[in-house]
Amino acid sequence: MEISEEKVVAVIMVGGPTKGTRFRPLSFNTPKPLFPLAGQAMVHHPISACKRIPNLAQIFLIGFYEEREFALYVSSISNELKVPVRYLKEDKPHGSAGGLYYFRNMIMEDCPSHIFLLNCDVCCNFPLPDMLEAHRRYGGMGTMLVIKVSAESASQFGELVADPITKELLHYTEKPETFVSDLINCGVYVFTPDIFTAIEGVSTHREDRANLRRVSSFESLQSVTRTFSMDFVRLDQDILSPLAGKKQLYTYETMDFWEQIKTPGMSLKCSALYLAQFRSASPHLLASGDGTKSATVIGDVYVHPSAKVHPTAKIGPNVSISANVRVGAGVRLISCIILDDVEIKENAVIIHSIVGWKSSIGKWSRVQADGDYNAKLGITILGEAVIVEDEAAVINSIVLPNKTLNISVQDEIIL
């Protein structure tokens, strides 16, 4: 078969409601993958990156959210990108590799030559066509995206050692206690269908060990099955580590940006990264204005077409304004995400903050934080339907939904 005729499919792991607890209160009523970054759902960014893969046949989203939570989004994104996008609901968590294996028949229905696997909570420029080209050159079973980070932060991720010439993955360890390498796993992969054989091998090996133990001790068997069900397979510990150094797995290093979106603070940082990417990739999505007929816009800003922004407002850099937002006269917005149906009244100031759906910010109020994306209270977060009354300040705080603040608060979590 000609390479030009080979089909490719993409799988994006979106997790489920038992995960993403660090993303509260923003994930109470909206699945984390649908939370908007730079005006687009978090999962939209990897999906639109997949659209650039040559001969893409289908995109699958795998998770254990209820199907109804993704139905509307999947339908609209399929129509928008003209690529079939399907949501596949797991009956229970199967692990990153186990989930792939669980739906193997659907994933293979187009007989793809290659399968991309992406994690939804990754923010990068997703160099997928380049990865595929490198993967074909390497000739292995899989290629993973990697990046160099500081030695201090490396231990938070999967660290790896790769051959500097051949790029073969020689050693892989997940979140090691001692420093191994400043090269880390980005959570973006391309595999041949041989990955299913490798995953099956893990389950078979586990079953064989359990059978051996059954002969010697019933208690031992119970401890094995309690630790891992036969169909729960982790990509990192169960596949990458054992196959490293066996000429099966290779690496492709990105020199561009990469972040993991675990917390609301990181979502604000990643929204800025995507807005900056729009400059070259999608400049039509960025707002502009000089303060005459429309608001003054500084740096990278996204404004939903349905939002109403007063011409005397000053917005940016790194601001994302969602649908039906109303921004009053004299408002100043810097480094913030404003979600649907928010009203910001005259002369309010919002800096390093996320303002939840249907919230209201009063006249001359301030909602702000220090802007430390990694600190627990490094950005201010207002949950859904929070009312900040006139002339109140909310500084370095998290406010849960449906609260009314008529006094100023600082360094607090308002339950």
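**Entry 1: the model.** I am working from a predicted model.

**Entry 2: the largest pocket.** I looked up the pockets. The largest pocket holds about 1,600 Å³ of space. I then asked which residues lie closest to its centre. They are Asn119, Asp121, Lys175, Gln260 and Lys262, out of 50 residues that line this pocket.

I checked which elements build the lining. The strands that each supply at least two residues include β1 (8-15), β4 (56-63), β6 (114-119) and β10 (169-174). β11 contributes the most, with four residues. By class, I noted 21 nonpolar, 17 polar and 12 charged residues in this lining.

**Entry 3: the second largest pocket.** I moved on to the second largest pocket, with about 1,000 Å³ of space. Its lining has 42 residues, and Gly39, Gln40, Ala41, His44 and Tyr73 are the closest to the centre. Which element gives the most to this lining? I found α2, with nine residues. β3 (40-41), α1 (44-50), α2 (67-81) and α9 each supply at least two residues. The lining here divides into 19 nonpolar, 14 polar and nine charged residues.

**Entry 4: a parallel sheet.** I traced an open sheet of six strands. The strand order is β16-β19-β21-β23-β26-β29, and the pairing is parallel. β16 (308-309) and β29 (404-405) stand at the edges with a single partner strand each, so one side of each has no neighbour in the sheet. β16 pairs with β19 (residues 326-327) over two bridges, in the parallel sense. Val309 has Val327 of β19 as its bridge partner.

**Entry 5: salt bridges.** How many salt bridges does the whole structure have? My search gave 12. I followed up on several.

Glu6 bridges to Arg136, with the closest N and O atoms 3.2 Å apart. Glu6 sits in the segment before β1 and Arg136 in helix α5 (residues 128-138), so the pair ties together parts 130 residues apart in sequence. Is Glu6 buried or exposed? Glu6 counts as buried, because its relative accessibility is 16% and the cut-off is under 20%. Arg136, at 30%, counts as partly exposed.

Next I took Lys363 and Glu346, whose side chains meet at 4.0 Å, N to O. Lys363 is in the loop between β23 (360-361) and β24 (366-368), while Glu346 is in the loop between β21 (343-344) and β22 (349-355). The two are 17 residues apart. Lys363 is partly exposed at 36% relative accessibility. Glu346 is partly exposed too, at 31%.

Then came Lys358 and Glu384, with their closest N and O atoms 3.7 Å apart. This pair links the loop between β22 and β23 to the loop between β25 (380-382) and β26 (387-388), 26 residues apart. Lys358 counts as exposed, at 52% relative accessibility.

Last, I noted a network. Lys32, Asp121 and Lys262 are joined by salt bridges that share partners. Asp121 and Lys262 were already in my notes, among the residues closest to the centre of the largest pocket.

Definitions and conventions:
Residues numbered from 1 in each chain as written. Predicted model: local features only at pLDDT ≥ 70, side-chain atom pairs only at ≥ 80, totals over all residues. Heavy atoms only, no water. 1 Å grid on protein atoms, 1.4 Å probe; cavity = no way out; pocket = protein on both sides within 12 Å on 5 of 7 lines; lining within 4 Å. Points joined across faces, edges and corners; volume = space filled by probe spheres on them. Nonpolar A, V, L, I, M, F, W, Y, C, P; charged D, E, K, R; others polar. Pairing = 2+ DSSP bridges. Buried < 20%, exposed > 50% of the residue type's maximum accessible area, 1.4 Å probe, protein only.
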